[in-house]
Amino acid sequence: MGRLSVDLCGIELDNPIIPASGTFGFGYEFAELYDINCLGTFSFKGTTKEPRFGNPTPRIAECPAGLINAVGLQNPGVEKVISEELPKLKSCFHKPVMANVSGFAPEEYAYTCEKLDCEEQIGWFEVNISCPNVHGGGMSFGTDPNAAATVVKAVRAVTQKPIIIKLSPNVTDIAEIAKACEAAGADGISLINTLFGMRIDLKTKRPVIANKMGGYSGPSLLPVALRMVYQVYDAVQIPVMGLGGVSSAEDVIEMMLAGATAVQIGSANLVDPYACKNIIDALPQVMDRYGINNLNEIIGGAHCG
């Protein structure tokens with residue numbers, strides 16, 4: 001393994017940098033800009049059993065230090081992802097990819113994962129039980145330990161591939177939910193998803209986005225994400241994947257010190273499509289600056305002493 005390499009649930013990554021689901025499409029769009037094989041991997045667009053048009057527009061509201069989105073898991077459904085999106089992805093990305101899966105019942109999560117399980121290129125399932133922008137599912141599973149465990153068990157029954165559960169920060173005790181997921185058979189934890197937020201238009205005196213509230217993301221989330229990654233690292237024995245407000249190589253190092261084995265980049269991709277590539281290029285220099293020989297040496301380092 002190289003000095004940037006990490007092991008995520010038994011699969012080696014060349015580096016820990018992973019574009020987050022919803023910010024990188026199915027990869028081939030970014031492949032027109034640079035060779036995306038420089039990435040550790042990426043989490044492709046959230047996929048559900050049936051096609052989803054998503055929420056009504058407007059869906060995006062800008063904020064001083066981020067943005068609010070309420071896209072609502074727009075996707076073509078698992079059948080078209082398999083028949084249309086994955087073949088295009090395979091032509092430009094030659095590593096295992098992470099499948100982000102959502103649903104409205106445990107059976108839907110299981111159905112989608114079982115369909116995707118046959119796809120050789122899929123290395124991990126990132127099971128999203130934390131989306132704040134859909135009704136009747138999504139975050140409702142991620143705010144209750146028993147409900148979260150039920151989804152994990154349903155997915156575990158249909159695949160032997162690593163299952164990483166994506167958790168919501170909109171809870172009182174993130175560690176309790178992470179422990180319930182681990183006990184139910186999860187191989188890793190991904191956190192955090194977006195915080196609830198909203199903007200109001202002063203001219204219309206109404207919420208900016210049609211959904212009224214949405215997921216708030218951006219650089220200001222980093223301290224919240226770091227705190228929750230730190231807490232979950234202490235609570236579980238399985239790998240943690242950190243995300244939330246990361247936009248630089250320094251942020252990646254900080255997230256890994258908190259306990260992250262791998263780090264996802266989200267909103268930064270929407271500001272600069274080269275964000276992940278630039279962070280990967282900058283990592284060795286930043287490591288040298290702080291006397292870090294190998295990234296594996298610092299995972300959870302902030303917990304020592």
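Modeller: The account below concerns helix 2 and helix 3.

This is a predicted model, in which local features need pLDDT of at least 70, side-chain atom pairs count only at pLDDT 80 or more, and totals for chains, interfaces and linings use all residues. Residues are numbered from 1 along each chain as its sequence is written, and side-chain values use heavy atoms, with hydrogens and water left out.

Two packed helices are described by the angle and the distance between their axes. Here, helix 2 spans residues 78–90 and helix 3 spans residues 106–117; helices are DSSP runs of H or I with at least four residues, numbered from the N terminus. Their axes come within 9 Å and cross at roughly 30°; each axis is a line fitted to C-alpha atoms over the stretch in contact, and angles run from 0 to 180 degrees between N-to-C directions. Helix 2 and helix 3 are therefore roughly parallel to each other, a term for angles under 35 degrees. The crossing of the two helices is right-handed, that is, the near helix is turned clockwise from the far one by less than a right angle.

On the side of helix 2, the contact (heavy atoms within 4.5 Å) involves Val 78, Glu 79, Val 81, Ile 82 and Leu 86. Their partners in helix 3 are Tyr 111, Thr 112, Lys 115 and Leu 116. The residues of this contact divide into six nonpolar, one polar and two charged; Ala, Val, Leu, Ile, Met, Phe, Trp, Tyr, Cys and Pro count as nonpolar, Asp, Glu, Lys and Arg as charged, and the others, Gly among them, as polar.

Technical notes: Parallel < 35°, antiparallel > 145°, perpendicular 65-115°, else oblique.
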